[in-house]
Amino acid sequence: MDKINFRILWTAHLGHLAWALASAGKVGEAMDVLSKAFRAVDQYGEKAYEVELHRLRGDLLWQRGAVKEAEIEFCRAVEIARAQKAKSWELRAATSLARLHAARR
């Protein structure tokens, strides 16, 4: 019990912070937090929340009007979820992608 891994779900915490910032209208700060989260994914290898990070970045890019970049993030989220066999994350990412496509019509 003397060794606590502070990195457990660190990317999830950062993702939630990014979502909260975006909800408060601080999209730029949210993007900065997501960048930090992606660095943590690379540095610590914590992949459990990676799909949702891509989906969140896609949402933020879409809010900024970067539709093509958002589509790329949503597709990347779907691909990673499939590779991880994470069906609920895949459905969530696919739903975001479908909303984007529906909004284009």
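Colleague: How does Trp 89 count at 24% relative accessibility?

Modeller: Residues under 20% relative accessible area are buried, those over 50% exposed and those in between partly exposed (1.4 Å probe, protein chains only); Trp 89, at 24%, therefore counts as partly exposed. Please keep in mind that this is a predicted model, in which local features need pLDDT of at least 70 and side-chain atom pairs count only at pLDDT 80 or more, whereas totals for chains, interfaces and linings use all residues. Residues are numbered from 1 along each chain as its sequence is written, and side-chain values use heavy atoms, with hydrogens and water left out.

Colleague: How many aromatic pairs does the count come to?

Modeller: Rings of Phe, Tyr and Trp (its six-membered ring) pair if their centres lie within 6.5 Å, and planes under 30 degrees apart are stacked, over 60 edge-to-face and the rest tilted. By this rule there are two aromatic pairs. One joins Tyr 49 to Trp 89 edge-to-face, with 5.5 Å from centre to centre and 85° between the planes. Tyr 49 sits in the loop between α2 (27-44) and α3, while Trp 89 belongs to helix α5 (residues 87-104), so the pair ties together parts 40 residues apart in sequence. Tyr 49, at 10% relative accessibility, counts as buried.

Colleague: And which geometry does the pair of Trp 62 and Phe 74 have?

Modeller: Trp 62 and Phe 74 are also paired edge-to-face, at 6.4 Å centre to centre and 80° between the planes. Trp 62 lies in helix α3 and Phe 74 in helix α4 (residues 67-84), so this pair ties together parts twelve residues apart in sequence; helices here are DSSP runs (H or I, at least four residues), numbered from the N terminus. Trp 62 is partly exposed at 28%, whereas Phe 74 is buried at 0%.

Colleague: What is Gly 58 in contact with, leaving aside its neighbours within four places in sequence?

Modeller: Contact means heavy atoms within 4.5 Å. Gly 58, which has its place in helix α3 and is buried with a relative accessible area of 0%, then touches Ala 70, Glu 73 and Phe 74. Its C-alpha atom is separated by 12 Å from that of Trp 19, 39 residues apart along the chain.

Colleague: How do α1 and α3 lie to each other?

Modeller: Angles run from 0 to 180 degrees between N-to-C directions of axes fitted to C-alpha atoms over the stretch in contact, and those under 35 degrees count as roughly parallel, over 145 as roughly antiparallel, 65 to 115 as roughly perpendicular and the rest as oblique. Helix α1 (residues 10-23) and helix α3 (residues 50-63) pack at about 15°, their axes 10 Å apart, and are therefore roughly parallel. Thr 11, Gly 15, Trp 19 and Ala 22 of α1 meet Leu 53, Leu 56 and Leu 60 of α3.

Key. Helix = DSSP H or I, 4+ residues; strand = E, 2+ residues; numbered from the N terminus.
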